[in-house]
Amino acid sequence: MDNNNPWLRAEIAQWLREGIITDEQATTLYARYPAMVYARSGGASRGGLGRSYSGDGRWGKVIFAALGAAIFGMGVILFFAYNWADMHRYLKLAVVGGSILLAHIAGMAFFQAKDQRRSLGESLHLLGTILFGTGIWLVAQIYHFDAHYPDGFLLWFVAALSLGWALPSAAHGILATVLLALWAGLETFEFQRHLPQASWILICTILPLARWQRANSLLAMALVSLPLLYAFGVWRLGEQFLMPVLLLLVGSYFGLAQLAMSLAYPAAKSVFYSVAIVLWLGLVFVGSFIGMPSQQGMSTVPGFGLFHLLVPALLTMTVWLATLLRSSSRPLNSEARLETGLVLMVLLLVVLPAMFGVDIQGFGRLVFNVVFLLYSLLFVYRGTEHGRGKILSLGCIMLSVLALARFTDLFHSLLARSSVFLLLGILLFVIGQRYAKQNTRRKLEKPRA
Amino acid sequence: MRKGLVVALVLSQLGGLGYLAGQREWVRQRGEQIYLRTAPIDPRDPMRGDYIRLRYGLNAVDLAQYRGKTASTALSRGAVVYALLKAGPDDVYELDYLSDSAPPSGLYLRGRVSREVLGGQIPVSYGIEQYFVEQGRGEGIELKRGDREGVQIPMEVAVAVGSNGLGVLSAYRWSRLGIGFEQINPTPTALSNTLNWDSATITQRSPVLVVSLQNVSDTELKIADNDKHCGFSLQSLGDTGRSLSQADKSCSSYVLREADMINLAPGEVYRVELNMGLPRWYVTERGSSTSSAIVVSAANERFRLVYQAPSVLPGMDVPLLWRGSLASPAFSVRGRVD
């Protein structure tokens, strides 16, 4: 039965996408066939912060379809960038218009199929939409117009998003997300325009598409892009606000990962967690150098700007309250509790006081260092305990990186530096021994594991 | 239902491109064809290939040429403005005035304020500042226009102008007159001579500009200049926020005299040396009653030297006279910038 569990859950997701079952029916079915605990995670399907089995089998399809169409489209862009002087402009327009039409007609023919050809149809539709974007620049080239070029990306985004919903297509959603980020980034850095609405557009248009389609790839893309877009909006208000806002946003992902279990999209848990941990560790590591910048002046940010700064705080507070109050989402085992504690430690000890105007730069640096160290040890423990080599390697690399990072700015005495490296060396040796021992024991207990 | 929506969206993609292209094709076919003189530079756009970036005289509009209801200082970046054009010789048009509302009559280009208004000029772009060429052909254009060490020949681009002020580039040709520019900076000895700013020291410390006007056409043409070099004027770029203008106004209404005419055979060059330390080239800041040499009061400012053909009295027949204006590369007393 267990062997069929992933297949069944992928099928449920597909039935949802095709409208065969409703959200409520999907929730009931998911509850009847709960997510299989990742074989090497050591238990606690809802205890740990995101280690349940994930994958609806569409990650590869969507990503390769998107990449293939994007690279082909890039080839077309470069072909026309040559700007064939002997080719009449009407012929150029006809070639681009015809290609768009052809790609979409072929896409429609294949998209009707219920088998593998459906993916091909989606890719062809995506190619048509990429050619449409190429066409915008081609028309500008033919008529030599030098318009406000981020508008081209906005127009392209609208085309990709609308087809993403109409088909529906996760690959179009990914393209739309990239275009939205490009538009907002160019407006922010090239034209110094403040565009907080970009992150709201993502929240209101891309995230619902990802949920509707149960598309992990699109959800991951949207979750990575959201802090980026939010940062573009915050950048114009003041660079010092970036760190707390990003920590709050990413911190909320951990809570949302826990809450996702009770949604009709449980696979979202692993996506939320994976994105959150990557971004969070990056932020904590940066914080171990810069600490928490002083948040003086936040109260002087006018109107919508202040709202823009406070929304992540409200979101994180609500999410974590809901996570901790609901018994179904509360962390149950010690590993999950420790991980939750590390997230809340940063949010409560560093971000919260900073937002109230407390100058916490030095203390913040200390907390970030401690948190990064504890994460490394947690990964080392998890890797050795459950025989997960990759997690163990990550933990060891984090430990070494932290020691190297603090080499110059913490340990002034050569003796202290030498002791740290000796200890680290011994620790890594011991970890290696323990991992080998645990692995041997596992093999003895479960010869085919 | 869903299939219908997909079909509608696919058609809207084609419709969107059709609108972008059709609007410009309509202007190209039906709009009025004019020429604008430019000073090109040539970068590359990774999305669209080689192009020539064009700079027109009407990209930097003097505050004196602004006649809008909104105060010029209140014009924000992105504000829509209208440049009313007046015809010059050879169908080359020049700016008459800039306004914040569409002129009731006449030919005008619709543009947007491209940067914050600082100093004495309003920066405006009209969406016609790029001319795309086939990859590799930009090199030929670059060779033709010349480089900073030699004579530069400005392009004159053909622009179709629609009734709503939309401009569409369609072709280009070359000016018949080219300009060469050289800046001779004072020797270190001249700079270390003294701390006194008397007129002799100023002359010693000021750069000397050597300007060459060359007939690059294959027919004879005439230009005009006199002892005071009234054919030339100094123009501040105003990009540091200061509003500077030439203090000497004796040449502001330069009218053509028979004696000032200079014949240039094909390939022939007219060369002048202009010492920026002479009172003829002193500048004054808006609102100030004093003037001084640029080496004294505007060492960080950028300027252009502009050759402007004189006005011709009615009844005078000078068919070979080259009319219009030609700007040198930008320079500052610290060295050339363009």
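The model is a predicted one, in which local features need pLDDT of at least 70, side-chain atom pairs count only at pLDDT 80 or more, and totals for chains, interfaces and linings use all residues. Residues are numbered from 1 along each chain as its sequence is written, while chains are lettered from A and ligands numbered from 1 in the order in which they are written.

Of the 449 residues in chain A, 44% are buried. Here a residue is buried if 20 or more other C-beta atoms lie within 10 Å of its own, exposed if 12 or fewer, and partly exposed in between, with C-beta atoms placed from the backbone. Taking contacts in chain A between residues at least 6 apart in sequence, 70% join residues at least 24 apart; two residues are in contact if their C-beta atoms, placed from the backbone, lie within 7 Å.

Buried residues of α6(A) include G152(A), F153(A), W156(A), F157(A) and A160(A). The cover over the buried residues of α6(A) includes α5 (117-142), α7 (170-189) and α8 (197-213) of chain A, along with α1 (2-30) of chain B.

Next comes the packing of helix pairs. Two packed helices are described by the angle between their axes and the distance between the axes. Axes are lines fitted to C-alpha atoms, for helices over the stretch in contact, and angles run from 0 to 180 degrees between N-to-C directions. α6(A) and α7(A) pack at an angle of about 160°, their axes 8 Å apart. That angle makes α6(A) roughly antiparallel to α7(A), given that angles under 35 degrees count as roughly parallel, over 145 as roughly antiparallel, 65 to 115 as roughly perpendicular and the rest as oblique. The crossing of α6(A) past α7(A) is left-handed, that is, the near helix is turned anticlockwise from the far one by less than a right angle, clockwise being right-handed. Among the residues making this contact are F153(A), W156(A), F157(A) and A160(A) of α6(A), and A176(A), L179(A), L180(A) and W183(A) of α7(A). By class, the contact of α6(A) with α7(A) has 15 nonpolar, three polar and one charged residues; Ala, Val, Leu, Ile, Met, Phe, Trp, Tyr, Cys and Pro count as nonpolar, Asp, Glu, Lys and Arg as charged, and the others, Gly among them, as polar.

α7(A) also packs against helix α9 of chain A (residues 216-235), at an angle of about 10° and with axes 10 Å apart. This makes α7(A) roughly parallel to α9(A), and the crossing of the pair is left-handed. Residues that meet here include G173(A), T177(A), A181(A) and A184(A) in α7(A), and M221(A), S225(A), L228(A) and F232(A) in α9(A). The contact of α7(A) with α9(A) counts 11 nonpolar, six polar and no charged residues.

Most residues other than glycine have a negative phi, and most peptide bonds are trans. From L167(A) to P168(A), however, the peptide bond is cis, with omega near -10°; P168(A) sits in the loop between α6 and α7 of chain A. Q192(A), in the loop between α7 and α8 of chain A, has phi near 50°, a positive value in a residue other than glycine. Q192(A) counts as exposed, because 9 other C-beta atoms lie within 10 Å.

Turning to the contact between the chains, 31 residues come from chain A and 29 residues from chain B. On the chain A side, the elements giving two or more residues are α3 (59-81), α4 (89-111), α5 and α6. α5(A) provides the largest share, eight residues. The chain A side divides into 22 nonpolar, eight polar and one charged residues.

Chain B has a positive phi of its own: H229(B), in the loop between β15 (221-224) and β16 (232-236), has phi near 60°. With 18 C-beta neighbours inside 10 Å, H229(B) counts as partly exposed.

Key: Helix = DSSP H or I, 4+ residues; strand = E, 2+ residues; numbered from the N terminus.
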